[in-house]
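These are my notebook entries on one protein chain. I set out to look up its sheet, its cores, its first helix and a few loop residues.

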Amino acid sequence: MRRFAGSCRFVFNKALALQMERFKLGEKRLGYVPLCRLLTMWRKDPQTPWLADAPTHALQQSLKDLARAYANFFSKRANLPRFKKKGQCDSFRYPDPKQVKHDQANSRIYLPKLGWLRYRKSRDILGTVKQVTVLFSNGKWLVSIQTEREVERTIPDGGAVGIDLGIARFATLSDGTFYAPLNSFKQHETALRRTQQSLTRKVKFSNNWEKAKARLQRIHARIHNARRDYLHKTTTTISQNHAMVCIEDLQVKNMSKSAAGTNEKPGRAVRTKSGLNKSILDQGWFEFRRQLEYKMAWKGGWLIAVPPQNTSRTCPCCGHVSANNRKTQARFMCVACGFKENADLVSAINILRAGHARCACEVSGAARPPAAGTRRSDLFRISAGNAAVGIPGIKQGGCQGGAVGEFTAA
Ligand SMILES: [Zn+2]
């Protein structure tokens, strides 16, 4: 499997180098089909005989990935494609479900040129298999099976809720409930630092260096898993109990921008900001929003992103807007009417109100859809939104789900 992943990486890099060469010479970029023709030649090349051992379809898929990377670049969704490096997202993909057989009862899967492989099943495979990806992640080989099936669109349960994301409380709901932060990174920070330090003291690529590196990767994996688990549990609960969820349209990238500044213009409060950045990134706000977005769409609910202006400074009781309303990070006290409440809860209530306003505007067609055009899944949200206000939505086809299993030592 490592060899196949390596062959795919080789093909990707070779094709990318070729495209760059052609760009320098002022020639046109090659499309997917001519590249596939070249691939046949590369497979026959006596200098790279091992290419012929790898599955053809998987190699072609890496050319497809390159074509997509260029398409993303030209539509300004991504930077220029870069060369792939060994050990970073080693994977290969089988696009043809006819070549794959799976035996769920015995937890095994047949993959071309690999034969029958046993795996540890994490969940049932529902629907028809579309494609299979094998990837190496944190010392384990995983198989991810993409499937397609028809799902009934359910009617969402529950009412509307506003959510404020914060550091002291991970998420505060406008009904008063809140989720404490997990801070998985903070928990492991010391262990992480120690392992990192011990890694730098070792001779690079020595046995002990490899061992220390594996230890470091395990810690990273644990942090990642804990965070993912927590986010999934939270977003599932929220999406199951609400038909409409309003959140702040935060630009996490801007918020966590480094405060260091330049030599001529050093930034203020660098240490504080860097600590805040660590916390923000540790919380996974962006991932929270991403998960909430698709889970709400699955349930037929509606996610609304509202602009974050003044949500923490407006009094929910009398509507007075003032920065003085929030003297400390945690407490809110209105200078006009004296209303007192937890600051995060106030934000959540204001977010819900802004969401309602936004929703009303959309029914009358006065405003563009929430954060239109900023996310790939806009189609989902718009169609879910139209359904929520009684406009026949854009038809959603089958819903794609997936299943992930982990290979066990065969
Ligand atoms: Zn007030």
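The entries below go from the whole chain to single residues.

**Entry 1. Basis.** I worked from a predicted model, in which local features need pLDDT of at least 70, side-chain atom pairs count only at pLDDT 80 or more, and totals for chains, interfaces and linings use all residues. Residues are numbered from 1 along each chain as its sequence is written.

**Entry 2. Whole chain.** I found 10 helices and 14 strands in the chain. Helices (H or I, at least four residues) and strands (E, at least two) are DSSP runs, numbered from the N terminus. Of the 410 residues, 25% are buried. For burial I used the count of other C-beta atoms, placed from the backbone, within 10 Å of a residue's own: 20 or more is buried, 12 or fewer is exposed, and in between is partly exposed. I also looked up contacts, which require C-beta atoms, placed from the backbone, within 7 Å. Among contacts with a separation of 6 or more, 63% join residues 24 or more positions apart.

**Entry 3. The sheet.** In which order do the five strands of the open sheet stand? The order is S9-S8-S7-S10-S11, with mixed pairing. Two strands pair if DSSP finds at least two bridges between them. S8 and S9 run antiparallel and are joined by two bridges; Thr-172 has Phe-178 in S9 as its bridge partner. S7 and S10 run parallel, with four bridges, and Gly-162 stands opposite Cys-246 in S10. S10 and S11 are also parallel, with five bridges; Met-244 has Trp-302 in S11 as its bridge partner.

I then checked the cover on S10. Five of its five residues are buried. Met-244, Cys-246 and Glu-248 are on one side, Val-245 and Ile-247 on the other, and both faces are covered. In a regular strand the side chains alternate between the two faces of the sheet. H8 lies across S7, S10 and S11, at about 145° to S11. That angle runs from 0 to 180 degrees between N-to-C directions, with axes fitted to C-alpha atoms, for helices over the stretch in contact.

**Entry 4. The cores.** A nonpolar core is a set of buried Ala, Val, Leu, Ile, Met, Phe, Trp, Tyr and Cys residues joined through C-beta atoms within 7 Å. The largest one has 33 residues, and those with the most contacts inside it are Ile-163, Val-245, Cys-246, Ile-304, Ala-348 and Ile-351. Elements giving two or more residues to this core include strand S7 (160-165), strand S10 (244-248), strand S11 (302-306), helix H5 (207-241) and helix H9 (343-363). H9 gives the largest share, nine residues. Another core, of 22 residues, lies apart from this one and includes Val-11, Ala-58, Phe-92 and Ile-145. Returning to Val-245, I listed what it touches beyond four places in sequence: Val-161, Ile-163, Ile-238, Leu-292, Met-296, Gly-301 and Leu-303.

Entry 5. Helix H1 (residues 2-24) has 23 residues and should span 33 Å at 1.5 Å a residue, which agrees with end C-alpha atoms 33 Å apart. The expected span is 1.5 Å times one less than the number of residues. Buried residues of H1 include Phe-4, Cys-8, Val-11, Phe-12 and Ala-15. Their cover includes helix H2 (32-44), helix H3 (56-74), strand S1 (91-94) and strand S5 (128-137). After H1 comes Gly-26, with a positive phi near 80°.

**Entry 6. Loop residues.** Is Gly-284 buried or exposed? Gly-284 is buried, because 22 other C-beta atoms lie within 10 Å. It lies in the loop between helix H7 (270-283) and H8. Beyond four places in sequence, Gly-284 is in contact with Arg-227 and Leu-231.

Most residues other than glycine have a negative phi. I noted Ser-107, with a positive phi near 50°, in the loop between strand S2 (101-103) and strand S3 (108-111). Asn-310 also has a positive phi, near 65°, and lies in the loop between S11 and strand S12 (331-333). Asn-310 counts as partly exposed, because it has 14 C-beta neighbours inside 10 Å.

Methods
Contact = placed C-beta atoms within 7 Å.
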